[in-house]
Amino acid sequence: MFSLQAMFGKGDRFYGLLEQSSEAACESARALRELVSQTDHAPVMASFAASRAREKALAAQISEELVNTFVTALDREDIEALNSALYKIPKTVEKFAERYAVVHERLAGVDFTQRALVLEQSAEVVVEMIGELRRGLRIDPVKKLQDRLQALESEGDKMLLAPYRTLYVEGSDAMRAMLAKDLFELIEKAIDKCRDVGNVVYSIVLKNS
C-alpha cells in the first residue's frame, strides 16, 4: 500500500474539505435530533439553514478545486463521488426539517427521537470514515466502521416498521398517518445516504490497498 499524501503535496486540501463536509452533514443530523426533541423549533431551524449553507459552499469549493487542481489526493472520480454522497445527507435532512416545521403540531405524540438518534450516530460514523482517508487508507478500521454503519441502517429499517401498526391499524386519522410515514421515511433515507458515503469510502480503500 502506498501513501497518497506523500505523493501529492496538495492532499491535505481535499482531505480537509471532505472532512469539513462530513462534519457539516453531522451537524445537520444533530440539528434534526434536536428539532424532534425540543418544543422551541425556531433556533433549531436556524441551525439547519446554517449547516445547509455550509455544506453547499463546501460542495461548490470541492468542485472548483477539482477543476483548478492538476494533481489530486485521490482519484477525481472518487472525490466527486464522495462530494455528491456527502451533499445528499444534509439535503435529505433539510427536506425533513421543512416538512416537520409545517406539520409537527398535527403529529403530536409521534416519536421521531429514536430514529433521529440512529441518524446522528450514522453521521458520526461517516465523520470517522472520512477522517480515515488521510490516515493511509487502512482496510481494518474502515471495515469496522462500515460494519457499524450497516448495523445502524438495519436498526433504522426495523424501527421504520414499528409505528405503523399504531398509525394505520389502530389510528383513525389517515392524514396524520400519511404525514408521519413520510417523515419516518425521510429519516430512513438520510440514514441510507450515510451508508452510501460509507460504501464509497470503503470502495476507495479497497481500490488503493
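The questions and answers below concern a predicted model.

Q: What is the secondary structure of the protein, and in which order do the elements run from the N terminus on?
A: The protein has eight helices and zero strands. From the N terminus on, the order is α-α-α-α-α-α-α-α.

Q: What share of the residues of the protein counts as buried, and what cut-off is behind the word?
A: Of 209 residues, 46% count as buried. The word applies under 20% relative accessible area.

Q: What share of contacts in the protein between residues at least 6 apart in sequence joins residues at least 24 apart?
A: The share is 82%. A contact here requires heavy atoms within 4.5 Å.

Q: What makes H4 roughly antiparallel to H8?
A: The axes of helix H4 (residues 76-103) and helix H8 (residues 174-207) cross at roughly 165 degrees and come within 9 Å. Angles over 145 degrees count as roughly antiparallel, so H4 is roughly antiparallel to H8. The crossing of H4 and H8 is left-handed.

Q: How do the residues of the contact of H4 with H8 divide into nonpolar, polar and charged?
A: In the contact of H4 with H8, 19 residues are nonpolar, one is polar and nine are charged.

Q: Why are H5 and H8 called roughly parallel?
A: The axes of H5 and H8 cross at roughly 15 degrees, and they come within 9 Å. Angles under 35 degrees count as roughly parallel, and therefore the term applies to H5 and H8. H5 also passes H8 in a left-handed crossing.

Q: Which residues make the contact of H5 with H8, and how do they divide by type?
A: On the H5 side they include Leu119, Ala123, Val126 and Ile130. On the H8 side, Phe184, Ile187, Ile191 and Val201 are among them. The residues of this contact divide into 14 nonpolar, two polar and one charged.

Q: Why is Glu132 called buried?
A: Glu132 lies in helix H5, and its relative accessibility is 9%. The limit for buried is under 20%, so Glu132 counts as buried.

Q: Which residues does Glu132 touch, not counting residues up to four places away in sequence?
A: Glu132 touches Leu137, Arg138, Pro141, Val142 and Leu145.

Q: How do you know that the side chains of Glu132 and Arg138 make a polar contact?
A: The distance given for the pair is 2.9 Å. A polar contact needs N or O atoms within 3.5 Å, one able to donate a hydrogen and the other to accept it. The side chains of Arg138 and Glu132 are listed as making such a contact.

Q: Where does Arg138 lie, and why is it called partly exposed?
A: Arg138 lies in the loop between helix H5 (113-132) and helix H6 (139-161). Its relative accessible area is 37%. Partly exposed covers values between the 20% limit for buried and the 50% limit for exposed, so Arg138 is partly exposed.

Q: Which residues is Arg138 in contact with, leaving aside its neighbours within four places in sequence?
A: Arg138 is in contact with Glu132 and Val205. Arg138 and Ser209 are 71 residues apart in sequence and 7.6 Å apart in space, C-alpha to C-alpha.

Q: What makes Asp182 partly exposed?
A: Asp182, in helix H8, has a relative accessibility of 29%. Buried requires under 20% and exposed over 50%, so Asp182 counts as partly exposed. Asp182 and Tyr100 are 82 residues apart in sequence and 9.9 Å apart in space, C-alpha to C-alpha.

Notes
Residues numbered from 1 in each chain as written. Predicted model: local features only at pLDDT ≥ 70, side-chain atom pairs only at ≥ 80, totals over all residues. Heavy atoms only, no water. Axes fitted to C-alpha atoms, helices over the stretch in contact; angles between N-to-C directions. Helix = DSSP H or I, 4+ residues; strand = E, 2+ residues; numbered from the N terminus. Parallel < 35°, antiparallel > 145°, perpendicular 65-115°, else oblique. Left-handed = near helix turned anticlockwise from the far one by under 90°. Nonpolar A, V, L, I, M, F, W, Y, C, P; charged D, E, K, R; others polar. Buried < 20%, exposed > 50% of the residue type's maximum accessible area, 1.4 Å probe, protein only.
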